[in-house]
Structure formats: structure tokens, C-alpha cells
Amino acid sequence: MAFIKHSITSKWKPDAVFSIVAKYNDYVSKYGKENAINATIGSLCDEEGKLVTFNCVFENEKMIPAEKKASYANLKGDPSYIKAMQDFILDGNTALYHDAVATPGGTGAVFLGFDLMLDAGESIILPEVAWGSYRLMADEFNFDVVNYDIYDLDDMLSKVEMVGRKQGKVLLVINSPCQNPCGLSYTDEQWERIVNKLNDVSDYAEVILLNDIAYIDYAFDPKKARKYFRIFDKLTSNVLLLVAASTSKSFSYYGQRLGALIILSQDEKIVEEVEKACELKGRCTWSNGNHGAMVNVAEILNDHLDEYLKEKDEYLKMLKARAELFLLEAKEVGLEHYPYDEGFFITLKMEDNRMRDEIHQRLLDQAIFSIKCQKGIRLAICSMSLASIAGLAKKIKEVYCYGK
């Protein structure tokens with residue numbers, strides 16, 4: 001079909017997550033849930049398998065007048081939401097100038113960072129083991145992709161220098177804390193090294209750091225997890241910081257499609273220019289955001305914060321218990337996985353994608369439904385009960401030898 005413009009290079013293929021979810025649903029419709037393990041869903045579920053919804057969030061939503069929910073928000077986003085999200089995310093941990101725009105989910109925030117910062121043919125620096133949509137967007141924008149090992153800072157920083165010298169501009173994407181899919185969170189010492197390198201490269205290149213923090217509120221100490229923002233105050237004025245935030249995970253608000261892109265710099269004029277560019281791009285892409293959701297999140301953060309944090313803390317304990325159980329049993333049976341700190345996912349480590357495909361199919365054959373990623377297989381502990389996690393590492397280890 002020749003109707004699509006030539007610059008679109010992405011070819012349609014089944015989504016890595018939703019295609020496996022469909023396989024799970026098909027299995028359940030035929031055989032029931034009893035023998036199936038669903039490690040696919042990237043959403044927080046309770047011990048009965050029901051999607052977690054915060055009572056304070058959805059009860060407050062009922063109180064918002066229908067005409068406010070139905071009305072247009074302004075292009076930048078509802079002012080109360082913009083301020084509340086910046087205060088909540090940054091938590092007083094930066095002296096940089098900053099502003100924000102509302103986006104359709106964290107995905108919309110990442111989209112803005114990609115679309116506005118690079119031209120087709122330029123290089124973007126992405127984690128090798130990562131959320132698949134980074135690569136999908138990069139391909140859609142016709143970027144050249146340079147991958148780095150998330151566990152090897154020397155590799156990351158050498159790629160930053162290489163790209164900076166080659167094209168005079170760097171866009172580095174870091175998903176931390178609670179990286180998807182590995183659960184990695186960089187330490188303050190690691191962030192110090194990253195900031196120092198970005199400053200060095202900014203002597204001869206424009207540098208943009210896009211920090212995707214979609215899962216930050218499921219760090220095991222969310223307040224402490226925000227402290228690393230203080231390190232960014234050391235960035236030079238030739239480094240732009242973009243923070244992609246999401247309400248999907250933090251507020252279990254997945255379907256409302258609401259996020260924010262926070263823009264930070266030593267130079268106030270740069271923040272203003274980037275904000276206006278984001279506003280214009282949003283206007284001609286999605287127009288404006290979900291007004292009712294913005295009002296609700298702002299009211300939760302301004303008027304019901306303690307209630308919200310208390311409720312979320314119970315689910316955070318639940319998530320931590322699941323992670324601890326899987327990690328303990330994985331160690332007992334010698335099941336290799338990427339180092340995990342915190343977050344929604346733990347990922348099995350694979351030597352190569354051929355091996356990954358083979359193991360993934362064996363898991364499917366045993367009704368263990370998981371998600372393939374680059375050099376790994378992702379397990380969504382966020383959606384699995386303790387009962388379904390118990391013994392899972394042993395089952396997976398046994399599957400490694402199944403069919404040989």
C-alpha cells in the first residue's frame with residue numbers, strides 16, 4: 001500500500017504485551033485459570049487479581065462536577081494540576097528553574113521529549129534492555145538508535161561522549177528509579193557520575209537528559225527516591241533536563257491517560273521556550289488533556305495527600321513482599337535474572353534473543369505467560385499474587401530444561 005508517507009518506517013506487528021495477554025485470555029477461556037500463571041500485566045493488582053484502585057482517588061472523582069469533567073482544559077494543562085505535580089514529583093529537591101505541561105500519560109511526555117529534541121537521522125541514546133515503546137518511537141521518528149548497558153555506566157557515558165562529538169547534540173534516555181523491565185534504580189553516586197559526564201560533554205554539544213520516572217512511586221521509599229533530583233542542580237546551562245511523569249502507576253489511573261513533562265534548566269528562558277514548544281506540539285497532536293483527571297489529581301495532592309499516601313503504602317508493602325519472595329526462591333534454585341532494586345518487574349536474563357524466544361515458548365507451553373524484551377523475559381510481579389509467585393522460580397528453572 002503506497003498511501004502512507006515515505007518517512008514512516010515502522011511496520012505493524014503484534015504488540016509484545018497485548019498479544020500475550022490475548023493468548024492468556026484464550027487459554028483461560030478454554031481451560032480455566034487454575035493452572036495458568038499470568039505474569040504479563042504491567043498494572044498493580046491485589047491478591048485476588050483485581051486491578052488496584054485507590055479509594056481516595058475514585059471517591060474524590062465522584063465529587064467533581066460533570067461540567068468540569070466535560071470541559072476543555074487549557075493547552076498547557078490545568079494550572080492547579082501543573083503546580084501540584086511539580087511540587088509532588090520534585091518535592092523541594094531542586095533549585096533549577098522548572099515548568100511543566102500536561103500529557104496523555106507518561107507515554108505522551110516521552111513522545112514530546114523525542115519529537116521536539118531531535119531531527120530524523122540523528123542519534124538517540126537508549127537503554128538496551130528497556131520499555132519497548134522507546135524503540136518503537138525512535139523508529140517512527142527515523143532516529144538512529146545507540147544502545148547502552150544499563151548496568152555499565154562506563155558504556156553509557158562513552159556513548160554520550162561519542163554521540164556528542166559526532167553530532168553536537170545528545171538525547172540520553174534514562175528510566176530510573178524502578179526501571180522497566182529490570183527494576184534498577186541508580187544510586188546517588190551513579191547519578192553524580194552521569195551529571196559530571198553530561199556537564200563535560202556540554203562543553204562541545206547540546207545535551208538533553210530525558211529521565212523517565214513513571215514508576216517512582218513504587219520505589220520502596222518514594223520520598224527518599226526523589227532526593228537524587230538535588231544532584232541535577234549541578235547541571236550546566238547547556239544541559240536540559242526533561243522529567244517524564246505518569247499518573248497511571250502512581251494513582252492507579254491507567255485508563256485516564258494523564259501525565260506530565262517537567263522541564264528543568266539553569267536558564268529560565270530555556271524553560272519558557274521549551275514549554276511553549278511543548279504546548280504547540282500538544283495542540284497539534286492531542287489538543288489538550290483530560291480535564292477531569294487533572295482536577296482530581298490536583299485535589300488529591302492538595303487536599304487528600306496523607307490519605308492517598310497511607311493507602312498507597314499498603315500496596316507498596318504488598319509489592320515488596322512479592323519481590324522478596326520471588327528473589328529468595330530464585331536464589332535458592334539458581335534462576336538468573338537482572339539485578340533488581342525495586343519496582344513492578346523482574347526480568348530473567350537471557351544470553352541472546354534466540355535463547356529468549358525458545359525459553360519464552362517453553363513457558364507458554366507450560367501456561368506461564370510472560371513478556372519478551374531485549375535479552376530477557378519480563379515477569380510482572382506487580383500483578384501476581386503471593387500464591388502465584390510461590391514456587392514460580394522453581395517452575396521456570398524446570399522449564400529451562402523442558403524439551404531439550
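In this predicted model, helix 5 and helix 11 touch through a handful of side-by-side partners: Phe111, Leu112, Asp115, Leu116 and Met117 come from helix 5, and they meet Val274, Ala277, Cys278, Lys281 and Gly282 from helix 11. Sorted by class, this contact between helix 5 and helix 11 is made up of seven nonpolar residues, two charged ones and one polar one.

As for how the pair is arranged, helix 5 covers residues 105-117 and helix 11 covers residues 268-283. Their axes come within 11 Å and cross at roughly 105°. Angles of 65 to 115 degrees count as roughly perpendicular, and helix 5 and helix 11 are therefore roughly perpendicular to each other.

Zooming out, the chain holds 16 helices and 12 strands. Its radius of gyration comes to 21 Å, close to the 22 Å that the globule rule gives for 404 residues, so the chain is as compact as a globular protein of that length. Taken along the principal axes, the box filled by the C-alpha atoms is roughly 60 × 55 × 50 Å.

Among contacts in the chain with a separation of 6 or more, 75% come from residues 24 or more positions apart.

Conventions:
Residues numbered from 1 in each chain as written. Predicted model: local features only at pLDDT ≥ 70, side-chain atom pairs only at ≥ 80, totals over all residues. Heavy atoms only, no water. Axes fitted to C-alpha atoms, helices over the stretch in contact; angles between N-to-C directions. Helix = DSSP H or I, 4+ residues; strand = E, 2+ residues; numbered from the N terminus. Parallel < 35°, antiparallel > 145°, perpendicular 65-115°, else oblique. Contact = heavy atoms within 4.5 Å. Nonpolar A, V, L, I, M, F, W, Y, C, P; charged D, E, K, R; others polar. Rg over C-alpha atoms; globule rule 2.2 N^0.38 Å.
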